[in-house]
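Here is a short report for a reader who is new to this structure. Keep the model in view while reading.

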Amino acid sequence: MTIKKRLYISFLLILSIIIFIIGIFFYAIINVNDIHLLQNQRYEQIRKVEKIKELNTAFAWVVLDIIVDRRKTEIVKDRKDKANELFKKLWQLKTDVLKHAETGIEKDKLLTIFNNLKKAENLIKVDLYNLTISKSTKDNFFDFSDRFDSISSSTQTLIIEEIELLQAKLNQTEKQKEAFLSKIKLELIILLFISFSLSFIISSKLIREIKIMLKTLNKGVLQLLSNNEKTIKINIEEGNELSEITNNLNKYLEQQESFIKSREELLRNISHELKTPITKGKFLLEKIRVKKDEKSLDNINEVFYDIETLTSKLLERERLNHATLDKSKFLISTVILEALSKLSIDDESKISIELEDDFQIEADFYYLTIVIKNLIDNAMKYSNIYPIEIHTENKTLYIKNNANKLFNDLNYYIQPFTREANQQQGHGLGLNIVNKILQMHDFNFQYNYKEPHNIFSINFK
């Protein structure tokens with residue numbers, strides 16, 4: 001498995017833990033919010049029951065005031081009006097208080113409280129009112145006071161019990177909240193510890209594996225340098241980054257090895273090709289030294305021209321190894337004319353041009369000019385009968401000459417310094433340069449023979 005895949009899996013694993021932690025965090029917020037709402041409800045219920053307790057106490061003071069000032073009509077009337085207002089507030093609280101009762105027992109207790117308060121209301125509004133208008137005796141009022149105190153005390157006791165119950169529930173909710181938060185904190189700490197531990201373990205393992213891979217690669221490189229190896233030889237698992245790097249390095253080394261061999265072969269061929277004209281030049285110089293000979297001078301000039309031509313082609317071929325194409329768009333007719341302008345043609349009738357398709361090409365104009373110039377030059381040089389034919393059709397360029405069929409296939413002639421056994425002209429580099437340039441462009445280069453014509457073609461599709 002590659003390091004990239006392992007990192008991806010590790011990232012997904014850690015991401016899953018983080019998402020789980022976020023989920024717990026939101027779960028905690030929702031639950032804490034629910035507990036907080038329940039706390040508020042119970043607190044409000046306590047406050048309302050406390051209000052009922054205050055009203056119950058207020059009723060007792062109203063009764064006391066009426067009994068004490070029973071002969072003062074204005075005070076009695078004022079206290080009755082006050083009692084009516086208090087009872088009105090009481091019955092407004094009743095629906096809301098009963099609605100928020102959490103259990104059936106709590107609701108029953110609240111109903112008992114309100115029933116007692118209803119009895120107290122009847123005592124105040126009916127019995128006490130009748131006592132005040134009938135001019136009852138002091139004993140009658142004491143008897144009423146005892147009955148009212150009994151109901152009021154019983155109600156007060158029930159109210160206190162309800163408040164204590166609600167307070168106990170409120171305390172219980174607070175404890176649940178604290179316990180829940182403590183649990184969540186512990187879980188988050190554990191998850192964070194697991195996440196950090198997992199990240200540390202994964203990163204440590206990956207770093208260790210990368211170190212081992214780099215150490216192995218370094219060992220292979222050192223062996224390559226010290227033992228004069230051709231490739232990096234290390235025992236590595238396939239399908240990881242190190243194997244890819246090693247394979248790419250080995251491909252590069254193989255290319256370099258091939259390039260070096262090609263250079264060595266080229267140098268051998270160069271020394272062989274230069275040896276003949278140099279030897280010939282020495283012989284002619286010796287001949288001139290003995291006697292002046294104009295023909296020998298011409299021959300020497302040809303020798304040095306031959307060396308100059310060979311040197312130019314060698315330099316051109318060498319430049320191709322490092323060339324960067326500068327592509328542009330132009331017509332095939334433009335590059336043909338440019339190639340013809342670079343040739344020294346003494347008779348234009350030696351060339352026949354027929355452009356059925358003047359198509360557009362995207363290529364390096366300079367290098368493509370060299371290709372067509374070399375092909376036309378070869379066609380003219382080895383033609384038995386003129387004219388040679390330059391023909392275009394269906395995005396293909398054809399260059400034909402009337403000549404004997406080549407003894408070998410095209411692959412033979414595109415190698416450097418290869419030519420026919422009986423061939424005296426040229427150095428065997430022209431087609432090699434042509435093939436190199438066309439390969440750089442990914443254009444198809446072919447040779448065919450249709451009696452009596454040799455046909456070289458370039459397909460630009």
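Leu 15 is found in helix 1, which covers residues 3-68. This is a predicted model. How accessible is Leu 15? Its relative accessibility is 32%, so Leu 15 counts as partly exposed.

**A buried threonine**

Now turn to Thr 369. It is found in helix 8, residues 365-381. Is Thr 369 buried or exposed? Thr 369 has a relative accessible area of 3%. Buried means under 20%, so Thr 369 falls in that class. Which residues does Thr 369 touch, leaving out those up to four places away in sequence? They are Val 335, Glu 338, Ala 339 and Lys 342.

**Aromatic rings**

How many aromatic pairs does the structure hold? There are eleven. Two of them are set out here.

| Pair | Type | Centre to centre | Angle between planes |
|---|---|---|---|
| Trp 91 and Phe 114 | tilted | 6.2 Å | 45° |
| Phe 445 and Phe 456 | stacked | 6.1 Å | 20° |

Take the tilted pair, Trp 91 and Phe 114. Trp 91 lies in helix 2 (residues 73-99), and Phe 114 lies in helix 3 (residues 104-133). The pair therefore ties together parts that are 23 residues apart in sequence. The two partners have their own accessibility classes. Trp 91 has 25% relative accessibility, so it counts as partly exposed. Phe 114 is buried, with a relative accessible area of 1%.

Next comes the stacked pair, Phe 445 and Phe 456. Why does this pair tie together parts that are eleven residues apart in sequence? Because Phe 445 lies in strand 6 (residues 444-450) and Phe 456 lies in strand 7 (residues 453-459). Phe 445 is buried, and Phe 456 is buried too.

Aromatic residues also form a cluster. Phe 359, Phe 443 and Phe 460 make up one aromatic cluster.

**A lysine over a ring**

Where does Lys 350 lie? Lys 350 sits over the face of Tyr 386. The distance from the ring centre is 5.0 Å.

**In brief**

Trp 91 and Phe 114 link helix 2 with helix 3. Phe 445 and Phe 456 link strand 6 with strand 7.

Terms used: Residues numbered from 1 in each chain as written. Predicted model: local features only at pLDDT ≥ 70, side-chain atom pairs only at ≥ 80, totals over all residues. Heavy atoms only, no water. Helix = DSSP H or I, 4+ residues; strand = E, 2+ residues; numbered from the N terminus. Buried < 20%, exposed > 50% of the residue type's maximum accessible area, 1.4 Å probe, protein only. Contact = heavy atoms within 4.5 Å. Phe/Tyr/Trp six-rings, centres within 6.5 Å; stacked < 30°, edge-to-face > 60°. Lys NZ or Arg CZ within 6 Å of the ring centre and 35° of its normal.
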